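Open the model in your viewer and keep the selection tool at hand. The stops below go from a strand to ring pairs and then to a pocket.

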Amino acid sequence: SKLKAKGLMLMKGTIVDSTLIAAPSSTKNEKKERDPDAHQVKKGNQWHFGFKGHIGVDKDTGLVNKIETTPANVHDVTKVADLMEGTEEEFYGDSGYLGVEKREEAILTNDQGKEIKYVVCARPSSLKKRYTGVEYEKAVAAEHAKSSIRCKVEHVFAVVKGMFRFRKTRLRGLIKVNAQLNMLFALANLVLAARPSLAV
């Protein structure tokens, strides 16, 4: 791509995350049914019906490299291998990706045969159970350092959901929603690439 050719897509590290995309739950249509490609999932104490956009973001630039669209009930960790470029030395994810390094389908080495370093945020509640005093403070500082890198993926979601105000699709079918998300995240890349720190 042009971004890679200009040196904007380094892909030495990938940050992965996903976001829920709501779909109309109305059955007031010709078939009298909800979108058969969409599914519901519980997040916290609330149920969501729709799709999930999984993205892989370059650790250094914060630009999206890969997108996978699935029904909302597909677990984040199952899409990791599809979001990796193969050149990474590091992988970053939130606590939803705990245990990813143990999964057979996850890429364990990059194209140069180097083992990928998995950096996954711990659940805050687990820190309180495992550490106390100074050790707890050190653990919190370590998690903060992880989050300071991982947060770049949130900038992309902020553009798509905040600037573009895209939180709910009006389209039916996984293929159409996937095309819509690819377009939106491509536009988000252009917005983020226009930042002075990335200008070329």
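Are Glu 90, Phe 91, Tyr 92 and Gly 93 of strand 5 buried or exposed? Buried: Glu 90 and Tyr 92 cover one side of strand 5, and Phe 91 and Gly 93 the other. Buried means under 20% relative accessible area, exposed over 50% and partly exposed in between, with a 1.4 Å probe and protein chains only. In a regular strand the side chains alternate between the two faces of the sheet.

This is a predicted model, in which local features need pLDDT of at least 70 and side-chain atom pairs pLDDT 80 or more, while totals for chains, interfaces and linings use all residues. Numbering starts from 1 along each chain as its sequence is written, and side-chain values use heavy atoms, leaving out hydrogens and water.

Next, show the neighbours of strand 5. Strand 1 runs parallel to strand 5 and is joined to it by 3 bridges; look for Ile 15 opposite Tyr 92. Strand 6 is also parallel to strand 5, with 4 bridges, and here Gly 93 faces Val 120. Strands pair if DSSP finds at least two bridges between them; strands (E, at least two residues) and helices (H or I, at least four) are DSSP runs numbered from the N terminus.

Now select the aromatic rings. The structure has 3 aromatic pairs. Phe 91 and Tyr 118 have ring centres 5.3 Å apart and planes at 55 degrees, so this pair is tilted. Phe 91 is in strand 5 and Tyr 118 in strand 6, 27 residues apart. Rings of Phe, Tyr and Trp (its six-membered ring) pair if their centres lie within 6.5 Å; planes under 30 degrees apart are stacked, over 60 edge-to-face, and the rest tilted. Phe 91 counts as buried at 0% relative accessibility, and Tyr 118 at 18%.

Move to Phe 157 and Phe 185, an edge-to-face pair at 6.2 Å centre to centre and 70 degrees between planes. Phe 157 lies in helix 5 (residues 152-163) and Phe 185 in helix 6 (residues 174-193), so the pair ties together parts 28 residues apart in sequence.

Finish at the largest pocket, which holds about 400 Å³. A pocket is an open set of points on a 1 Å grid over the protein atoms alone, with protein on both sides within 12 Å along at least five of seven lines; lining residues have an atom within 4 Å of a point. Volume is the space filled by probe spheres set on the points, which are joined across faces, edges and corners. Of its 19 lining residues, select Ser 18, Lys 43, Lys 52, Asp 76 and Asp 94, which lie nearest the centre. Strand 1 gives the most to this lining, with 4 residues.

Notes:
1 Å grid on protein atoms, 1.4 Å probe; cavity = no way out; pocket = protein on both sides within 12 Å on 5 of 7 lines; lining within 4 Å.
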